[in-house]
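Here is the note you asked for, with the aromatic contacts taken up in some detail. Please read the points alongside the structure.

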Amino acid sequence: MVTREAIITRAENYYDDGQFLTDLARLIAIETESQNPDQYPELHRYLSDGITPLLNKLGITSKIYENPAPSGGPFLVGERIESPELPTVLTYGHGDVIRSQTNQWHKGLHPFKVVTRDDKIYGRGTADNKGQHLINLAALSCLLEEKGSLGFNLKIIIETSEETGSAGLGDFFNRHKDLLKADVLIASDGPRLQPDTPTLFMGTRGAINFDLSVNLREGANHSGNWGGLLADPAIILSHAIASITDARGQILIPEWRPTSLTDDIKKTLKDLPIEGGPEISQDWGEKGLDPAQRAFGWNSFAVLAMKSGVPEAPVNAIAGHASAHCQLRFVVGTDIDEILPALRRHLDKTGFSVVEIVPSKEAFFKATRLDPDHPWVTFAARSIEKTSGKKPHILPNLAGSLPNETFSEILELPTVWVPHSYGGCSQHAPNEHLLGSIVRNGLRNMAGLFWDLSSIDKNSF
């Protein structure tokens, strides 16, 4: 008789026997840097040579689609329909990775070669996102191999442009709603709050990038001859930026202050851990909120880069130009269409009409959130707690950004994300890695979750 425990044991063996590392190494070796146009053929190869063989094992019929956006990479969509009476689960992953930064990795490591050291599995895409969707596909395979069927219908989409803003994904979804019709999205990306405790999140903060620029004159002028006579763009820009927040980073633009941090959300977030990164600045950000409430329930403004003159080779001259690349991370309850107009009004009101706002050419992600008490969330949480023996951390939304709105708004799906990484994974940095302990635990949890899904009634939700 097939049992839940047998599925979980098969998933453990897949990791313990080294097959996970073998499969992962094959995926990591495909150099899918979506920010590098020269690597566009690799995006196709990832779908055709990397993912398609894994889907064939699952009896999934798949097809590769070109992106309707000229700047975007291809999509792979697959499905295994066992019965129209069964619930349909949609899962997702992205095969593209951030720039490799090859020369900055530790000695003996290479971004496109899997190397294990102690509990760390190194390689570009191990955490974001190849390793994460491989875990889910492997858990599905364990269920199918042991049981002979999934007990639910499965659809999958793998995109290859997430690291450049998921270009074309929303357009593709609008064109293929019937193809992607499902009852729930269950997918994996992002980090756990703690390495040893599972996390569930149901949405993301949004993100919008823009440049602030002050252009006063062509070229630079000698600071001795003209200092005190010429307005300095860098000083003007610095004061303009300083007017957006107070000295501890509290946002001063009313329209940028969200209204959605209700008492219920505050309670859900209160005292959740944030680990695996640098030491948190306790005196930074919105007063009266703990770190988790600031990260997951509030908006944050950041200056990502600033430039005036030639920083690497300064001269004694007043520059004619200064610029800063800025970002607002925002939660549900922030009017997206008002973000930049509100900034324009604020700068004009505070005397900085000379500062130009230039929207980023990169796409931005919207903010999304699902009620932590939603039936799909409680179902997944119970299953994972049963397998892991630990009550998972529940987040209404991740602090980072994902194209979750394409699932929640266009496809109108409840979204449940089960991350298999952790905060210290060096995502988007040299030495990116997964923890083997999280991989093994994630395989167990997903195997148990998919087993539990195989016996539910479609009308239960």
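This is a predicted model: local features need pLDDT of at least 70, side-chain atom pairs count only at pLDDT 80 or more; totals for chains, interfaces and linings use all residues.

1. Residues are numbered from 1 along each chain as its sequence is written, and side-chain values use heavy atoms, with hydrogens and water left out.

2. Counting rings of Phe, Tyr and Trp (its six-membered ring) as paired if their centres lie within 6.5 Å, the model has 14 aromatic pairs. Y92 and W417 form one that is edge-to-face (planes over 60 degrees apart), with 5.8 Å centre to centre and 80° between the planes. Because Y92 lies in strand β3 (residues 88-94) and W417 in strand β17 (residues 415-417), the pair ties together parts that are 325 residues apart in sequence; strands here are DSSP runs of E, at least two residues, and helices are runs of H or I, at least four, numbered from the N terminus.

3. The charged end of K147 sits over the ring of W451, 5.2 Å from its centre, where the rule asks for NZ of Lys or CZ of Arg within 6 Å of the ring centre and within 35 degrees of the ring normal.

4. With a disulfide defined as a pair of cysteine sulfur atoms within 2.5 Å, the count is zero. C326 is buried, at 0% relative accessible area, as is C425 at 2%.

Key
Buried means under 20% relative accessible area, exposed over 50%, partly exposed in between (1.4 Å probe, protein chains only). Rings of Phe, Tyr and Trp (its six-membered ring) pair if their centres lie within 6.5 Å; planes under 30 degrees apart count as stacked, over 60 as edge-to-face and the rest as tilted.
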